Amino acid sequence: MSKRPLILVTNDDGITAPGVRTLISVMKELGDVVVVAPDSPQSATGHAITINSTLHMEKVTIDGAQPEYSCSGTPVDCVKLAVNEILDRRPDICVSGINHGSNSSINVIYSGTMSAAVEAGIEGIPAIGFSLLDYNWDADFEPCKPFVKSITEQVLQHGLPDGVVLNVNLPKLSSEAIKGIKVCRQARANWKEEFDKRTNPMGREYYWLTGKFVNMDKGEDTDEWALENGYVSVVPVQFDLTAHHAIQHLNSWSLNK
């Protein structure tokens, strides 16, 4: 058996996206890579899984000799299939991305990239989601490489606490301009949604979702602050959604009347 780490690579932009191709190239320096990724873009699918239709998977060759599988499902489907059907042993780490666009702050909730990492974490696999603050398909991912490699090496060396995965966002800057890495908390922010209402040639109304990102958090320990000030942000994310601090308050209610 190879002594090199087994690294599962996935994403939500699709298996041919430049971001995941960059991630694969970095991971090949660190271990044995297996890629299981969607066959088409699955951005903003969150933690969706396919239950009302069939899933299809095809072994593909895109670049390099690493095993790659193109999946018709969501990023979470890809992780589930990898763990249960493809890999002959448990991966030492799962990395997801590099996403084309931010997954900082509240975006983590909607992100297919981060949901894949979270699914791996649920399986007990150390996991990281990587995102670059550039939505351009032809974004320059070169400056990301040393930071992606360094953070992954640290997780391989130290592991992660139970129930925790990492949400890593990288600013759109040159390697020289990036000031370093900051461990942060998630900024308190949201999207102020708007719907562009239109009418099609058949007279039927339809909507395009638009909106503006609003950061209400002025703290200097947040992911948004770090990114705005030239740092790579690293946020430890937990998938236990229990609001533990609220349990005592709810127990003060007269719930058993």
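Buried means under 20% relative accessible area, so Y231, at 19% relative accessibility, counts as buried. Keep that cut-off in mind as you move through this predicted model.

**Stop 1: the ring pair at Y231**

Select Y231 together with W225. Their ring centres are 6.3 Å apart and the planes make an angle of 20°, so this is a stacked pair. W225, at 22% relative accessibility, counts as partly exposed. In all, the structure holds three aromatic pairs.

For another of these pairs, pick F195 and Y207. The ring centres are again 6.3 Å apart, but the planes stand at 90°, so this pair is edge-to-face. F195 belongs to strand β9 and Y207 to strand β10, so the pair ties together parts that are 12 residues apart in sequence. Colour by accessibility here if you like: F195 is exposed, with a relative accessible area of 55%, while Y207 is partly exposed at 48%.

**Stop 2: the sheet**

Now switch to a cartoon view. In what order do the nine strands of the open sheet run? Follow them as β3-β4-β2-β1-β5-β6-β7-β11-β8, with mixed pairing. The edges are β3 (57-60) and β8 (180-183); each has a single partner strand, so one side of each is left without a neighbour in the sheet. From one strand to the next, the twist averages 20°.

Zoom in on β6 (residues 127-132) and β7 (residues 164-170), which pair in the parallel sense over five bridges.

**Stop 3**

Select residues 18-27, helix α1. This helix packs on the sheet and touches β1 (6-10), β2 (32-38), β4 (68-71), β5 (93-100) and β6. The direction of α1 makes about 145° with that of β5.

Next, select residues 145-158, helix α5. Helix α5 lies across β5, β6, β7, β8 and β11 (231-238), and runs at about 170° to β6.

Then go to residues 75-86, helix α2. Is α2 largely enclosed by the rest of the structure, or largely open? Nine of its 12 residues are buried, so α2 is largely enclosed.

**Stop 4: the cysteines**

C94 is buried, with a relative accessible area of 0%.

C144 is also in no disulfide, and the nearest cysteine sulfur, that of C184, is 16 Å away. C144 is buried too, with a relative accessible area of 2%.

**Stop 5: salt bridges**

The last stop is about charged side chains: the structure holds 13 salt bridges. Start with R4 and D32, whose side chains meet at 3.1 Å, N to O. This pair links distant parts of the chain, with R4 in the segment before β1 and D32 in strand β2, 28 residues apart. Both ends are partly exposed: R4 has a relative accessible area of 35%, and D32 is at 26%.

Move on to E142 and K145, where the closest N and O atoms of the salt bridge are 2.9 Å apart. E142 is partly exposed at 47%, and K145 is partly exposed at 26%.

Then select D221 and R185, which form a salt bridge of 3.0 Å, N to O. D221 sits in the loop between β10 (205-215) and α6 (223-228), and R185 in the loop between β8 and β9 (189-199), so the pair links distant parts of the chain, 36 residues apart. D221 is partly exposed, with a relative accessible area of 40%, and R185 is partly exposed at 34%.

To finish, show R21, D63 and E68 together: salt bridges that share partners join these three residues into one network.

Key: Residues are numbered from 1 along each chain as its sequence is written. This is a predicted model: local features need pLDDT of at least 70, side-chain atom pairs count only at pLDDT 80 or more; totals for chains, interfaces and linings use all residues. Side-chain values use heavy atoms; hydrogens and water are left out. Buried means under 20% relative accessible area, exposed over 50%, partly exposed in between (1.4 Å probe, protein chains only). A disulfide is a pair of cysteine sulfur atoms within 2.5 Å. Two strands pair if DSSP finds at least two bridges between them. Helices (H or I, at least four residues) and strands (E, at least two) are DSSP runs, numbered from the N terminus. Axes are lines fitted to C-alpha atoms, for helices over the stretch in contact, and angles run from 0 to 180 degrees between N-to-C directions. Contact means heavy atoms within 4.5 Å. A salt bridge is a side-chain nitrogen of Lys or Arg within 4 Å of a carboxyl oxygen of Asp or Glu. Rings of Phe, Tyr and Trp (its six-membered ring) pair if their centres lie within 6.5 Å; planes under 30 degrees apart count as stacked, over 60 as edge-to-face and the rest as tilted.
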